[in-house]
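Work through the exercises below with the coordinates loaded. Each task is followed by its solution in steps.

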Protein chains: 2
Amino acid sequence: MPNEQDQVERPVQRAGPPVIILIEPQMGENIGAAARAMRNFRLSELRIVRPRDGWPNEKAIANSSGAGQILEDAKLFISTADAVADLHRVYAATARQRDMVKAVVTPRQAAVEMRAARSNFEKCGIMFGGERAGLNNDDLVLADTVLTTPSNPEFSSLNLAQCVLLVAYEWHLNADDTPPRIVTDDDTRPANKKELVALFEHLEAELIASGFLWPAEKRPAMVRSIRNMIQRANFTEQDVRTLRGAIASLARNS
Amino acid sequence: MPNEQDQVERPVQRAGPPVIILIEPQMGENIGAAARAMRNFRLSELRIVRPRDGWPNEKAIANSSGAGQILEDAKLFISTADAVADLHRVYAATARQRDMVKAVVTPRQAAVEMRAARSNFEKCGIMFGGERAGLNNDDLVLADTVLTTPSNPEFSSLNLAQCVLLVAYEWHLNADDTPPRIVTDDDTRPANKKELVALFEHLEAELIASGFLWPAEKRPAMVRSIRNMIQRANFTEQDVRTLRGAIASLARNS
């Protein structure tokens, strides 16, 4: 039987999503908005160190818009060291340059790293300082990595909740497979070329009858121009039927 | 001399950055926070259609934190059609599924497209609906493309200013060249291998003298383990000097 002291304790499940840690937040509104942003992007674990206005906070609840459960489940801590004690990897969100040698990552890179860490059973957290002073250096040394959001160098100070939002957003997007561009296709589909050619021929026949495609020697160029215009429009099969109805109606009444 | 009517008016400069258009926004706080988010990511042109509480709005100013100029320069419009009249490409930010056939893009894809459009002299704008009702269908048909932020399907409603923030953030990042990960290098640099080997040898000599690397047959494995541990730590040249000072101090007092 192996010596029990030789056993390294290993988690048996993948670690949960990153924890958001607010250190000395001042305004309840921002705590509430941070909770809402967390829920928007499927984070759920909030820790708060010494909130200025105590806890629970009515303004936080009012501003959380449907993310009240995150506030109810939030854990309070007296010290930053306690708040990060069980974590394996901690990021410190700050825009400031410090006289510390520490890796600095973007929110997007942090998301990449935290996904990898999670798969490696490491629980991650991101610390955010209070609205006025940000993180102090003693908190900062508890972090592995600084997280800095690229922004306007002349106006880089992000609102606390918006900073939480960007971190949560990048975390979510890292595992999101939404196609960058789709066309909604409720009850229709793009027109096929046969349908488009039938539209061209219908329109051209009526335009010849009405005298628009005139003089005849200019007709081929005019037809190509109209066909190109319609081709570019990405019509659906339903659009083509609507247009042909409109053409028929116009032609009947001319 | 060509017929003047044959001339197409062409802009001579690249179009400016995208315009943010808030349609019937309700809360001044959100208008102010949107302006702040715009300035964080170098957008500057704000248009507002029928703000509920009139204009100017004290709460907007109070919540804009240094982006007051964007509010001062904001243009008011009576109708959405007027607000988008000079634009060539309009995105409609909405989470809702509509019974309209329209392309839907992510904020990241919108940033790609708007950069390309800008280079093609097309001026772009993004419309955002009011907090309660969002965009109505008559506004929506004025847009080329729907912009939908991927989010938690069970809680997809983003705060208005936070939605503006994400669009502005992606616009900014599309042209941003911040490295994903760097190590701050104020007055130092990573240790080179010569410096690390000197540290290894210094430490090992002192550990042999103190009796730690014992018994001798286990020494090679212990040394490799310690070297690996130090190798992983990404020490700087300054760190190595600090450590060697600490080792010398410990050895002297043993």
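**Exercise 1.** Does A:Arg189 count as buried, partly exposed or exposed, and at what relative accessibility?

*Solution.* The model is predicted, so local features need pLDDT of at least 70 and side-chain atom pairs count only at pLDDT 80 or more, while totals for chains, interfaces and linings use all residues. Residues are numbered from 1 along each chain as its sequence is written, chains are lettered from A in the order in which they are written, and side-chain values use heavy atoms, with hydrogens and water left out.

Step 1. Take the classes: buried is under 20% relative accessible area, exposed is over 50%, and partly exposed is in between (1.4 Å probe, protein chains only).
Step 2. A:Arg189 has 36% relative accessibility and therefore counts as partly exposed.
Step 3. Its side chain meets that of A:Glu195 in a salt bridge, at 2.7 Å from N to O. The criterion is a side-chain nitrogen of Lys or Arg within 4 Å of a carboxyl oxygen of Asp or Glu.

**Exercise 2.** Find what the salt bridge between A:Arg227 and A:Glu204 connects, and classify both residues.

*Solution.* 
Step 1. The closest N and O atoms of the pair are 2.7 Å apart.
Step 2. A:Arg227 belongs to helix H9 (residues 219–231) of chain A and A:Glu204 to helix H8 (residues 193–210) of chain A, so the bridge ties together parts 23 residues apart in sequence. Helices (H or I, at least four residues) and strands (E, at least two) are DSSP runs, numbered from the N terminus.
Step 3. A:Arg227 is partly exposed at 27% relative accessibility, whereas A:Glu204 is buried at 10%.
Step 4. Elsewhere, salt bridges with shared partners join A:Glu45, A:Arg47, A:Lys75, A:Asp86 and A:Lys123 into one network.

**Exercise 3.** Describe helix H1 (residues 28–40) of chain A by its length and its cover.

*Solution.* 
Step 1. H1(A) has 13 residues and reaches 18 Å from its first C-alpha to its last, close to the expected 18 Å. The expected span is 1.5 Å times one less than the number of residues.
Step 2. Of the 13 residues, 11 are buried, including A:Ile31, A:Arg36 and A:Met38.
Step 3. The cover includes strand E1 (19–23) and helix H7 (160–174) of chain A, together with helix H7 (160–174) of chain B.
Step 4. Just after H1(A), A:Arg42 has a positive phi of about 60°.

**Exercise 4.** How many residues of each chain are in contact between chain A and chain B, and what area is buried?

*Solution.* 
Step 1. With contact meaning heavy atoms within 4.5 Å, 56 residues of chain A touch 56 residues of chain B.
Step 2. The buried area is about 4400 Å², 54% of it from carbon and sulfur atoms. This is the accessible area (1.4 Å probe) that two parts lose on being put together, summed over both.
Step 3. A:Phe155, A:Gln162 and A:Arg181 lose the most area in chain A, together 15% of what that side buries.
Step 4. Four salt bridges are counted between the chains; one of them joins A:Glu113 and B:Arg181 at 2.7 Å.
Step 5. H7(A) gives the most to the side of chain A that touches chain B, with eight residues.
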